Amino acid sequence: MTTEHRTLHNRVLAVLGPAIAAGEYAPGHAFTLQGLEGDFGVSRTVAREAVRVLESMGLVVSRPRTGIRVRPQRDWSVFDPQLIRWRLAGSGRMEQLRSLNELRAAVEPGAAALAAERGPADERAQLEAVAERMTLTGQAGELTTFMELDIAFHRRILELSGNEMLSGLAEVVTEVLVARTSYDLMPHNPRPEALRLHMTVARAVRDGLPDVAEAAMRAIVTEVADALRDDAPGC
């Protein structure tokens, strides 16, 4: 694909993808390549490439004679990071955040326990340094740096679990943490309790205490869930 084609097909996706993800087109809605060509002023090749990307996410299905049809949400590749971003950008943002946090609640506490049990000792020890930097940047109100450290912390927990299925969810968790900062769902200074809990997780993982690590991580995701339920910033 040439740079020009890539730019054009990204332009089609930037409009059509979020619109489908937001429910602006009901399941069964039909598109045609000819219609997309005219609507976006692109070639048949560019339109087809955009449709292929949407198909890869499960958003549409393209068949001879029936055209390109929007698929029901149950068929979507809901773990696709781009699809998550589109859903977070739309009117259903809070519902998507709640769904993602419920996933985190189901996954991350267990991952923290496994990290404490399975992670190499030297790598487990490094997690505490990340938590310490989170505390410093959080107290200073440096939200961008805090977010980067928060992402690194939670990704590392998943990786230290030693389970490739859990590690594969790192991009999903990253999108949640980025969204909470991008959409002003974080307080200017993260709550002290959340900072303390991250340190508790780090030290429990370092010391090989799976029950403590699991309980502290569960408290972290529960706090976020409570904040989202109240439609107020969490930490």
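These questions and answers concern helix packing and a sheet in a predicted model.

Reader: Why are α5 and α9 called oblique to each other?
Author: Helix α5 (residues 93-118) and helix α9 (residues 170-182) pack at an angle of about 130°, and their axes lie 10 Å apart. Angles over 145 degrees count as roughly antiparallel and 65 to 115 as roughly perpendicular, with the rest being oblique. The pair α5 and α9 is therefore oblique. In handedness, α5 passes α9 in a left-handed crossing.

Reader: What makes the contact of α5 with α9?
Author: From α5 come Leu-97, Leu-100, Leu-103, Arg-104 and Glu-108. From α9 come Val-172, Val-173, Val-176, Leu-177, Ala-179 and Arg-180. Sorted by class, the contact of α5 with α9 has eight nonpolar residues, three charged and no polar ones. Ala, Val and Leu are among those that count as nonpolar, whereas Arg and Glu count as charged.

Reader: Why do β1 and β2 stand at the edges of the sheet?
Author: The open sheet has three strands in the order β1-β3-β2, with antiparallel pairing. β1 (30-31) and β2 (60-63) each have a single partner strand, so one side of each is left without a neighbour in the sheet.

Reader: How do you know that β2 and β3 pair?
Author: Pairing requires at least two bridges between the strands. β2 and β3 (residues 67-70) have four bridges, in the antiparallel sense. In one of these, Ser-62 has Ile-68 of β3 as its bridge partner.

Reader: Which helix packs on the sheet, touching β2 and β3?
Author: Helix α3 (residues 44-56) does, and its direction makes about 125° with that of β2.

Methods. Residues numbered from 1 in each chain as written. Predicted model: local features only at pLDDT ≥ 70, side-chain atom pairs only at ≥ 80, totals over all residues. Heavy atoms only, no water. Axes fitted to C-alpha atoms, helices over the stretch in contact; angles between N-to-C directions. Helix = DSSP H or I, 4+ residues; strand = E, 2+ residues; numbered from the N terminus. Parallel < 35°, antiparallel > 145°, perpendicular 65-115°, else oblique. Left-handed = near helix turned anticlockwise from the far one by under 90°. Contact = heavy atoms within 4.5 Å.
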